[in-house]
Amino acid sequence: MAKPSAQIPVIDISPANAHAATQLLDAAANNGFVFIENNAAAAMPPTAVGNMFDLSKQFFQSPIENKQECPTQNNRGWVSMQQETLDPGNQKRGDFKEAFNLGEFSGSTPNQPLPEPLSTHVDTVAGFSHSCHALCNKLLQLFAEALEIPSDWFSSRHDQSKGASGSIMRLLYYPSVPDSLGQDEDDIRAGAHSDYGTLTLLFQLPGQPGLEIKTPAGTWESVPVDPHGTLSTDPSKPLPILVNIGDLLAYWTNGLLKSTVHRVIFPKDAKRGGEDRYSMAYFCHPLDDAELIPVPSKRVEQYEGGVEGVKKGGKTLTAKDHLLERLAATYGTKA
Ligand SMILES: O=C(O)CCC(=O)C(=O)O
Ligand SMILES: [Fe+2]
C-alpha cells in the first residue's frame with residue numbers, strides 16, 4: 001500500500017505575501033519541512049537547476065577512474081557506493097548511493113579538486129552554489145523576522161565572506177536495481193537521519209520520488225516531488241524547492257523548529273521502470289565558530305523544547321564541533 005503523503009505547505013516568499021515569515025515559522029515548528037515557490041524571490045532559475053542536474057548525471061555516468069581522482073577529504077569529494085551509513089545504529093550495510101560533495105567556493109574558485117565535467121563548468125557550479133546560499137540567507141532573515149530577533153541574527157552567522165563554514169552542495173545518485181530482483185521490502189537508500197546543518201534545500205526530479213519523513217508516531221510519510229500536481233498540465237511551471245530544518249536551527253531555537261528524521265527509499269511496490277534517482281541537496285551551515293546558543297527570542301524562551309546537546313562538559317558547542325561529531329558517526333571514523 002502506498003504511504004500517506006506528508007502535509008507540507010508551499011509558501012511564496014515574495015514581498016507580495018505579507019505572511020511569508022509566519023507561514024515559514026509555522027511549517028518549521030510543525031514538521032520542519034516546507035516547499036518554497038520557485039519564483040523571482042527564490043531566484044533559482046529552472047534552467048540553472050536543469051544545467052546542474054545535467055552536470056551531475058554526466059559525472060555519475062563517467063568512468064570510475066574519473067570519480068576516483070577526487071576521493072572524499074574533509075567531507076568534500078566523491079562518496080562511493082556504501083561508503084556512508086546515515087543510520088549507523090540500525091543499518092547492516094552502507095547506503096546504496098553515490099554522492100559528490102562540493103564545499104563553498106571563493107567567487108568562482110573551488111576550494112577542492114574537481115573532476116570532469118564539474119571542473120570544466122566551474123562557473124555554472126559555483127553560481128548554483130552561491131544562489132543556494134543566497135536563498136538560504138533570505139529564508140534565515142524571514143525566520144529571524146518571525147522570531148522577532150534582529151533580522152541578520154542568523155544571516156550574519158552565515159556570511160561566507162567572513163570565514164569558513166561547513167556548507168556543502170551535494171550531488172546524489174541512487175542507481176536503480178532491476179525489478180526482476182523482486183525486492184520484498186522497501187529498499188532503503190539513505191538511512192534515517194536528520195540533517196546536520198542549519199537548513200537544507202533539496203532539488204528532486206519528476207518521476208523520481210523516494211524521500212520520506214518520520215511522523216511523531218514513528219510511521220513514514222512520502223514527500224511529493226510536485227506538490228501542486230501541475231507537472232502534467234503545465235510542465236513549464238518550475239517545481240517548488242523543498243526546504244527542511246537541520247539540527248542547528250533546532251538547537252538555536254531550543255527545539256521550536258523541528259529537525260525531522262527522513263530517509264530515501266525505493267518502495268517495494270513502486271513500478272520504477274528501472275529509473276535511477278538523482279537529487280541535489282544544499283546543506284547550509286554557519287561559520288565554523290558560530291556558537292550553538294539559544295536565540296534571544298521570547299517565543300524560544302517560552303518554548304519547552306528540551307533539545308539537549310548544545311553544551312558538552314560545560315562548554316558551548318560550536319557549529320564545527322557539532323559537524324565533526326556527526327560526520328564521525330556517519331563515516332565510522334573518530335571525531
Ligand atoms: O536525496 C534525497 O532526496 C535526500 C537526501 C538526504 O536526505 C541527505 O543527503 O541528507
Ligand atoms: Fe537529509
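In strand β14, M280 is the residue bridged to L171. That pair is a handy way into this predicted model, since it belongs to a longer stretch of pairing. Strand β7 (residues 168-174) and strand β14 (residues 277-284) run antiparallel to each other and are joined over seven bridges. Another of the pairs involves two tyrosines: Y173 has Y278 in β14 as its bridge partner. For anyone new to this, strands of a sheet pair through backbone hydrogen bonds, either parallel or antiparallel.

Strand β14 also pairs with β9, again in the antiparallel sense, this time over five bridges. How much of β14 is covered? Seven of its eight residues are buried, so the strand is mostly covered.

Zooming out, these strands sit in an open sheet of eight, with mixed pairing and the order β1-β2-β12-β9-β14-β7-β4-β3. Which strands stand at the edges? They are β1 (10-11) and β3 (77-79); each has a single partner strand, so one side of each is left without a neighbour in the sheet. Helix α2 (residues 46-60) packs on this sheet and touches β4 (98-102), β7, β9 (199-203) and β14, with its direction at about 115° to that of β14. Helix α4 (residues 122-147) lies across β4, β7, β9, β12 (241-245) and β14, and it runs at about 130° to β9.

Then there is the other sheet. It is open too, with four strands in the order β8-β13-β10-β11 and antiparallel pairing. Its edges are taken by β8 (187-193) and β11 (220-222), each with a single partner strand, so one side of each has no neighbour in the sheet. From one strand to the next, the twist averages 25°. Inside this sheet, strand β10 (residues 211-214) and β13 run antiparallel and are joined by three bridges. One residue to look for is L211, which stands opposite V264 in β13.

Both L211 and V264 turn up again around ligand 1, whose surroundings are made up of R170, L172, A190, D195, L202, L211, H262, V264, S279 and A281. Which elements give two or more residues to this shell? They are β7, β13 (262-266) and β14. Sorted by class, the shell holds six nonpolar, two polar and two charged residues.

A few spots in the backbone are worth a look. Most residues other than glycine have a negative phi, and most peptide bonds are trans. N75 is not a glycine, yet its phi is positive, at about 65°. N75 is found in the loop between α3 (64-68) and β3. Is N75 buried or partly exposed? With 19 C-beta neighbours inside 10 Å, N75 counts as partly exposed. N254 is also not a glycine, and it has a positive phi of about 55°. Its place is in the loop between α5 (247-252) and β13. N254 has 21 C-beta neighbours inside 10 Å, so it counts as buried. As for peptide bonds, the one joining E116 and P117 is cis, with omega about -5°. P117 lies in the loop between β6 (109-110) and α4.

Finally, D288 lies in the loop between β14 and α6 (298-301). With 15 other C-beta atoms within 10 Å, D288 is partly exposed. Leaving aside its neighbours within four places in sequence, D288 touches two stretches of the chain: G163, A164, S165 and G166, and also T318, A319 and K320. As for E304, which is 16 residues away along the chain, its C-alpha atom is separated from that of D288 by 27 Å.

Definitions and conventions. Residues numbered from 1 in each chain as written. Chains lettered and ligands numbered in written order. Predicted model: local features only at pLDDT ≥ 70, side-chain atom pairs only at ≥ 80, totals over all residues. Pairing = 2+ DSSP bridges. Contact = placed C-beta atoms within 7 Å. Axes fitted to C-alpha atoms, helices over the stretch in contact; angles between N-to-C directions. Near = placed C-beta within 6 Å. Nonpolar A, V, L, I, M, F, W, Y, C, P; charged D, E, K, R; others polar. Buried ≥ 20, exposed ≤ 12 C-beta atoms within 10 Å, placed from the backbone.
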